[in-house]
Amino acid sequence: MSDYSIRSNLNTLNEFSRTDNGVTRLAFSTEEQKGKKFMRTLFQNEGLAVREDEIGNMIARREGINPQAPAVAIGSHIDSVIEGGEYDGTIGVLSGLEVVKRLNKKQIVTTNPVEIIVFTCEESTRFGVSTIGSKVMTGLSKTEGLGNLKDFDGKTFAEVLEEVGLDITKISRAKRSSYDLKLFLEMHIEQGPLLQQLGKKIGVVTGIASPTRLQLRVQGKASHSGTTQMHNRKDALTGASEIALEVEKLGRSEANNDTVATTGVFGVGPGVMNVVPGSVEMKIDIRSTSPTSKQYVLEQVIKKIGQIKTERDLSIEWNLLSDEKPVHLSSEVITSLSRNCKELSIPYTAMSSGAGHDAMNMSYICPTGLIFVPSCDGISHHPDEYTEVEDMILGIDVLEKTMLEWAGVSGRPIPTGGEGCERSRG
Ligand SMILES: [Zn+2]
């Protein structure tokens, strides 16, 4: 019979941060600290050694036969967006706990140590930068880049760390390498509708799309909507709209390459009904697992900007906010996860991830695998986020099997006397 304890642990974890509308558990907040305290107790109850590193990632460890060997780790995050759902990140951490509980119950001794990692500050909600905990653990982010980031109250990242007893000047000590980790696995909700639409229970992620982001300022001339004749206008909104439509068209034409393109910010100035719009602030987000496709879309958007500038006599300034490389996950781990889905008779599909996860950073230091479980109606970052407990358990089955494959089963301790007595009585 399946063990549904992940459901009750999830409820308790979310109790600390429930609001009238969903869950709010921001990085380094009191709510997150309470959540971590709860996780620490759960880990300790399973006999794990728990520590927190210099950036606030929590690491729970179950030793193997060879304590010097690199660990096989499962992890995710427990911080959330504002008024988010109950499943994002949390199920990844709790699934690691369930795997360890199964090992303990079966008295399995592994060759390599097993770890569960609770990453800190995965969501960009508080500081505008995502996956900070795993970026620091993998050396992708350093003190200089983080210290001066500010949250919405104007507190710097350094000050917020200090509030929870951490020191920004020491965060580089949290860095780990392939000597420390043999494998990293993450189970996450899909946050999209594909698995549900395909009737699959597991998504084995092959690549994680990375964003290229552009910021634009389209400058025309604000003028009276009644007295400015049509041929005399420099309408920033209609010019910007042509760019936004081109962004959508390019995204559609590159859909076969898993490319998506979005104009997510479109701020019109002065935004008055009887004034021809004089300026537009735009932000464009292009994502793909194919660098070639992403580059093509970017080049076409830039070309369109030039064309609109000339045709409509507008001034358009733009700059690249970010241009990150897509991540391709380890083919060895993908094979391992896919084979285990097959052997467990769990319907699965290979797919890419449009959203970033801690796994993408971990892939820089060790072979990494990411699996998705279905999100009901694809809803996420919203109070209606929902994943069936049965689906989570299938994910845990895959994690357990894959983890054991990589950690190596060294044996089971000799059963204690009790079992023999039972048998003789029977
Ligand atoms: Zn997440």
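Q: At which residues does UniProt place the feature "binding site"?
A: The unreviewed UniProt entry places it at His77, Asp88 and His188; UniProt positions are given in the numbering used here, feature names are shortened, and annotations may be inferred rather than shown by experiment. Although these residues span 112 residues in sequence, no two of their C-alpha atoms are more than 9.6 Å apart, so they gather at one spot. This is a predicted model, in which local features need pLDDT of at least 70 and side-chain atom pairs count only at pLDDT 80 or more, while totals for chains, interfaces and linings use all residues. Residues are numbered from 1 along each chain as its sequence is written, and side-chain values use heavy atoms, with hydrogens and water left out.

Q: Is His77 buried or exposed?
A: Buried means under 20% relative accessible area, exposed over 50%, and partly exposed in between, with a 1.4 Å probe and protein chains only. His77 is buried, with a relative accessible area of 0%, and Asp88 is also buried, at 7%.

Q: What joins the side chains of His77 and Asp88?
A: A polar contact is a pair of N or O atoms within 3.5 Å; within protein, one must be able to donate a hydrogen and the other to accept it, and residues adjacent in sequence count only if both atoms are side-chain atoms. The side chains of His77 and Asp88 are joined by such a contact of 3.1 Å.

Q: Which residues does Asp88 contact, leaving aside its neighbours within four places in sequence?
A: Contact means heavy atoms within 4.5 Å, and the partners of Asp88 include His77, His188, Ser380, His381 and Glu385.
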